[in-house]
Amino acid sequence: YERPRRGQFLEGNILRIDDDAILVDIGLKRDAIVPVWDLNLLPKDFLASLSPGNEVLVCIMRPPEGDQDLLVSLNKGLEYKSWQQAETYLENGLTFEVEVIGENRGGLLANFDGLRAFIPNSQVAELRRRDSQSARQLKNEMMGQKLLVKVIEVDRQRHRLILSERSALQETRETIKDRLLDELVEGSVRTGRVTSLADFGAFVLSLIHIS
């Protein structure tokens, strides 16, 4: 028998679901209890999807002492999986969408699978060249919108998760450009918008972003 440690993550099976607690079998001498204060932190849709027999990841919050209950957190288990997912996205350079849930002077706040992620002003395409007043107005208008982003930094210890819209859009443009170059043939006709003029010619935007 190995005594459970505070902060340890263990897999378990849900035995019973009550209004004020969930009973979980985590393979120890006594069953673990998810208290009501932890249940209140869980997303409502996730909580509604739980049923006896489900496998869940929990974090030890209070190891048992004498007759004390063994308390665990489902919410911490969800956070752990979300950090793992963020690291996977970073390692593989994946693009995905997030919803903007807030803003501050430095940028936007977004929801990443339950984690609060930060998108700096410099990493938001439409904010880069705006003054502070117009940027603040635009950020308010972006509340609830979804942005295509990539993970550019993950630091679990500092609870730091940084996303970038610029990196995601750049990769998307390069992918579309490569596909377009493969499709172009001599004599084909394309419609585009002139974006700027120079002594040696004109720049034409010939693509519309997929979003």
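How many salt bridges does a search of the whole structure find? The search finds six, a salt bridge being a side-chain nitrogen of Lys or Arg within 4 Å of a carboxyl oxygen of Asp or Glu. Side chains of opposite charge can pair when their charged atoms come close. The model is predicted, so local features need pLDDT of at least 70 and side-chain atom pairs count only at pLDDT 80 or more, while totals for chains, interfaces and linings use all residues. Residues are numbered from 1 along each chain as its sequence is written, and side-chain values use heavy atoms, with hydrogens and water left out.

One of these pairs joins R3 to E65, with the closest N and O atoms 2.6 Å apart. R3 lies in the segment before β1 (9–17) and E65 in the loop between β4 (55–62) and β5 (70–73), so the pair ties together parts that are 62 residues apart in sequence. Helices (H or I, at least four residues) and strands (E, at least two) are DSSP runs, numbered from the N terminus. R3 is partly exposed at 42% relative accessible area, and E65 is partly exposed at 49%; here buried means under 20% relative accessible area, exposed over 50%, and partly exposed in between (1.4 Å probe, protein chains only).

A further pair is formed by R136 and E103, whose closest N and O atoms are 2.9 Å apart. This pair links distant parts of the chain, with R136 in helix α4 (residues 132–141) and E103 in strand β6 (residues 95–104), 33 residues apart. R136 is partly exposed at 45% relative accessibility, whereas E103 is buried at 17%.

R16 also forms a salt bridge with D18, at 3.1 Å between the closest N and O atoms.
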